[in-house]
Amino acid sequence: MSHTPTASEVMDMPVAIEELLDNLLAFSMEHEYALAAWRTPESAETTVILTIKPEPFLLTDSFEETGSGFLFHPFDATQPGLFIKADVQFSFRQGKLQSEDQKNLKAIAWLNTHANELTNSEQQKKLPPKKTNQFSSVDFRDLVQQAIRYIAHGDAEKIVPSRVKPVALAPSFDVAEAFVRLESAYPNALVSFVYTPKNGAWLGASPETLVSVEKNFFRTVALAGTQAYQPGTNLKHVAWTQKEIEEQALVSRYIINCFKKIRLREFEEHGPKTVVAGNLMHLKTDFSVDMKATNFPQLGSVMLRLLHPTSAVCGTPLESSRKFLLEHEGYPREFYSGFLGPINMKDASHLFVNLRCMQLFADEAWLYAGAGVTGDSIPEKEWEETEMKMNTLLDVIR
């Protein structure tokens, strides 16, 4: 996009998110800022924030005391994540900047201060160059077969292997346009774009809540099982195999066991039920806790430590499935199957498992997907499931 809106233009007319996001990304890359853009499920509001210095976030930290911003954490629970503080915050509603919002007025003042730098940022320097890949040469179907044998030996009940798929990006690919298309295509997902100088650019649309805290209520979900969704399907009549039902039940039991570890019995459980996430259907069970009634104001952080990584992205039991993945998966997951989302924004925090995501480079995207493997799995079907999940994003970037 050739034109960078000036502060006066921002004040005088509604500015579309596409007009600003590309320019903010170019500015962030040139001046080593960190940027996060997101829209939570079923919301009409999109938020874009920037900070000059993202802070490390450890699982031992309590996010309730961290401040307002966006958390971005890798799959490896022993590694630090990133807290992108909302130093500069733009809010869009239905794609248009809300210039009357008080935080937006401060952001517009920042925009005015940096107008020349934004205008002079290299417009073509949109994404970082591709790094050397570290993908495994192991065929995913062979990996699934290894997992089935591991389970048959009694070493695990469920394992969630994953794979990476490099896809060429067209010269005309535009991050902001892809982000807006994702928002339109997946209204029930956390749609996000994150860029940091150290960790590069990540785009995704995740349907799976890990931890949500709002109005004194804690919520999480057990999401597993995958089928292709055809528009018009009656969700009440969808049939699930015993393998898929058991896979989802393992995730639910994992969450209940986390509650038991902290002796919390006052929770509500609803499901499982069939839900739609873009072009896919899943089995979902909702869990909620009244934090005021249970006198547990930091339940969000406590459960985050217990839940991550969940059995939905790693397996059951946690340690044996994680050991298998480290030894056999053959590549570093980085932020795929980690977690991300806004914290302490408008008195609420919403963290999601980083699924249906891809890492973006100047001319290529790396798409990530996994599949839950049990003793009843069929390697070819698990490979097909990862293809369906990757198509969630492929349909948008192409």
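Two strands pair if DSSP finds at least two bridges between them. Strands (E, at least two residues) and helices (H or I, at least four) are DSSP runs, numbered from the N terminus. By that rule, strand 6 and strand 7 run antiparallel and are joined by two bridges.

This is a predicted model, in which local features need pLDDT of at least 70, side-chain atom pairs count only at pLDDT 80 or more, and totals for chains, interfaces and linings use all residues. Residues are numbered from 1 along each chain as its sequence is written, and side-chain values use heavy atoms, with hydrogens and water left out.

- An open sheet is formed by nine strands, in the order 7-6-2-1-10-11-19-20-9, with antiparallel pairing.
- Its edge strands are strand 7 (96-97) and strand 9 (162-168), and each pairs on one side only.
- R93 has K96, in strand 7, as its bridge partner.
- Strand 14 and strand 15 also run antiparallel, with eight bridges joining them.
- A277 stands opposite L280 of strand 15.
- The hairpin of strand 14 and strand 15 has two residues between the strands, and G278 takes a positive phi near 70° there.

**Pockets**

- The search uses a 1 Å grid over the protein atoms alone; a cavity is a set of points where a 1.4 Å probe fits but cannot get out, and a pocket is an open set with protein on both sides within 12 Å along at least five of seven lines.
- Lining residues have an atom within 4 Å of a point.
- Grid points are joined across faces, edges and corners, and a volume is the space filled by probe spheres set on the points.
- The largest pocket holds about 970 Å³ of space.
- Its lining has 37 residues, and T40, P41, E214, H350 and F352 lie nearest its centre.
- Elements giving two or more residues to this lining include strand 1 (34-39), strand 2 (45-51), strand 6 (88-93) and strand 14 (268-277).
- The lining of the largest pocket divides into 13 nonpolar, 13 polar and 11 charged residues.
- In these classes, Ala, Val, Leu, Ile, Met, Phe, Trp, Tyr, Cys and Pro count as nonpolar, Asp, Glu, Lys and Arg as charged, and the others, Gly among them, as polar.
- The second largest pocket has about 510 Å³ of space.
- It is lined by 22 residues, with P74, F75, D76, Q79 and E334 closest to its centre.
- Helix 9 gives the most to the lining of the second largest pocket, three residues.
- That lining counts 11 nonpolar, five polar and six charged residues.

**Cavities**

- Across the whole structure, the search finds four cavities of 30 Å³ or more.
- The largest cavity contains about 220 Å³ of space.
- Of its 21 lining residues, A312, L355, R356, G370 and K389 are the closest to its centre.
- Strand 13 supplies the largest share of this lining, four residues.
- The second largest cavity has a volume of about 60 Å³.
- Its lining includes K131, F135, Y331, E334 and W366.

**Cores and packing**

- A nonpolar core is a set of buried Ala, Val, Leu, Ile, Met, Phe, Trp, Tyr and Cys residues joined through side-chain atoms within 4.5 Å.
- Buried means under 20% relative accessible area, exposed over 50%, partly exposed in between (1.4 Å probe, protein chains only).
- The largest nonpolar core has 70 residues, of which F63, V211 and F218 touch the most other members.
- Helix 5 (residues 140-152) gives this core its largest share, seven residues.
- Leaving aside residues up to four places away in sequence, F218 touches V211, F259, F287, L299 and M303, among others (contact: heavy atoms within 4.5 Å).
- L299 and M303 are also among the buried residues of helix 8 (residues 299-307).
- The buried residues of helix 8 pack against elements including strand 12 (209-214), strand 13 (217-228) and helix 7 (242-261).
- A second, separate core of 47 residues includes F27, L169, A176 and F193.

**L25**

- L25 lies in helix 2 (residues 17-31).
- L25 counts as buried because its relative accessibility is 1%.
- L25 and L127 are 102 residues apart along the chain, and their C-alpha atoms are separated by 8.4 Å.
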